[in-house]
Amino acid sequence: MAMDTVRVVESSDTKQKRVTLQDLGELWTLGILILLSIVFSLAAPGFFSVQNWVSTTVAASNTIILAVAETFVILTGGIDLSVGAILGLSGMVGAEVMQLLLPKGDVLSLVLGILAGVLTGAVCGLINGFVVSVMDITPFIATLGMLGIATGATYLITNGTDIVNLPQEISKIGDWVIGGVFGFPALVALVVLVVAWYFLRKTRFGKYTYAVGSNMEGARRSGINTRAHLFKVYTLSGFLSGLAGMLIVARLATGSPLEGANDELNAIAAVVIGGASLFGGRGSVIGSTIGALIISVLISGLVIMGVQPYWQTVTIGIIIILAVFVDQRRYRNRVLR
C-alpha cells in the first residue's frame with residue numbers, strides 16, 4: 001500500500017513537471033532568441049550596432065504583422081497560405097493607385113493609395129473567409145487557391161514590372177527612424193502586436209477564437225456563430241497582410257511584384273516556433289512575435305556573416321520541420337495525459 005502511494009506521488013510529480021515544461025512556451029523561445037543574438041554577436045562583428053538593430057527590426061516588422069495575422073487563423077485550427085501573395089497584391093494595387101493619382105497631388109495619392117492597398121488585402125481576406133466558412137472548403141485548399149489568384153493578379157497589374165513613380169512622402173514614411181533607434185514600420189508592428197494581444201486576451205472575439213480552435217462543435221453548441229467568426233478571422237488576416245504590403249512599398253519606395261513571395265512560410269514558421277499548435281486552440285501573439293524575431297535575427301546574422309542567401313531558405317525550412325515535430329510531440333503528450 002505504501003509503495004502504491006509512493007508511485008502515485010511520483011506519477012503526480014512527473015506529470016506536474018511535464019506540464020511545467022510544456023507551459024514554458026514563450027520563455028523557451030525567448031531563450032533561443034537571446035542565444036542566437038549572443039552567437040551572432042560573437043561571430044559577426046557589428047551585429048549589435050544601432051544600424052543593424054534598426055535594419056533588423058524594420059525588416060522584421062512585416063514578418064511580425066503577418067505572424068499576428070496567421071496566429072488568429074491558426075488558433076481557429078485553420079491556416080492561411082495566401083498572406084504573402086495578398087501582401088504582394090496589396091502593395092502593387094496601392095502603388096498603382098499612387099502612380100495614377102500622382103498628378104493630383106502627393107498627399108492625396110499617398111492617402112488613397114494606402115487605403116486602396118489595405119482595402120485590397122481586406123477584400124482578399126473576406127473572400128477567403130467566405131470560401132472557408134460558407135462554402136465549407138478546407139482552409140488549406142481555399143487559401144492555396146487565393147495564393148494563386150493573388151500572385152497572378154499581382155503580375156497582371158503591370159505585366160510584372162516595378163512601379164517606381166510614387167509620391168516622395170512614401171519613402172519618408174519608410175525611412176523615418178524615431179529617436180535614431182526605432183523605425184516607423186517597426187512602430188506600426190508594435191502597435192499591431194499590442195492591439196492584437198488585447199483583442200485575444202481581453203475581448204469576446206479572442207475567447208471565441210480560442211474556443212473555435214479548441215472544439216469547433218462545442219463552440220457551436222455553446223451559441224457561438226462559428227461561420228461568422230471564421231469569416232471575421234480570415235478578413236482580419238487579409239487586412240493585416242494588406243497593411244504589411246503597404247509598409248514594404250514605403251520601405252522600398254517601389255511597388256514590386258516579387259514582394260511577398262514565400263513570406264507565408266516565414267509567418268507560419270514564426271507562429272509555430274512561438275508555441276502555437278497547428279491543431280488550433282493554443283498560441284499567442286507574443287510567442288509568434290518572438291518567433292518572427294528569431295527568424296529575422298537568424299537571417300540578419302547569416303547576411304552579416306556572408307552566408308549565401310539560399311541557405312536562409314534552407315534554414316527556415318529546417319526550422320519549420322523541427323517546430324512542427326515539437327508541436328506534434330507536445331500534442332501527443334497532452335492527449336496521453
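1. R221 and E217 sit four residues apart in helix 10, so about one helical turn separates them. Helices here are DSSP runs of H or I, at least four residues, numbered from the N terminus. Their side chains form a salt bridge at 3.2 Å, N to O (a side-chain nitrogen of Lys or Arg within 4 Å of a carboxyl oxygen of Asp or Glu). E217 also pairs with R220, with the closest N and O atoms 2.5 Å apart. Shared partners join E217, R220 and R221 into one network.

2. A quick caveat: this is a predicted model, where local features need pLDDT of at least 70 and side-chain atom pairs pLDDT 80 or more, while totals for chains, interfaces and linings use all residues. Numbering starts from 1 along each chain as its sequence is written, and side-chain values use heavy atoms, leaving out hydrogens and water.

3. The whole structure has three salt bridges. One of them links D136 to R227, with 3.2 Å between the closest N and O atoms. D136 is in the loop between helix 5 (106-133) and helix 6 (139-158) and R227 is in helix 11 (residues 226-252), so the pair ties together parts 91 residues apart in sequence.

4. On confidence, mean pLDDT (the predictor's confidence in each residue, from 0 to 100) is 85, and 89% of residues reach 70 or more. Residues 1-24 stay under 50, with seven contacts beyond four places in sequence (contact: heavy atoms within 4.5 Å).

Technical notes: Helix = DSSP H or I, 4+ residues; strand = E, 2+ residues; numbered from the N terminus.
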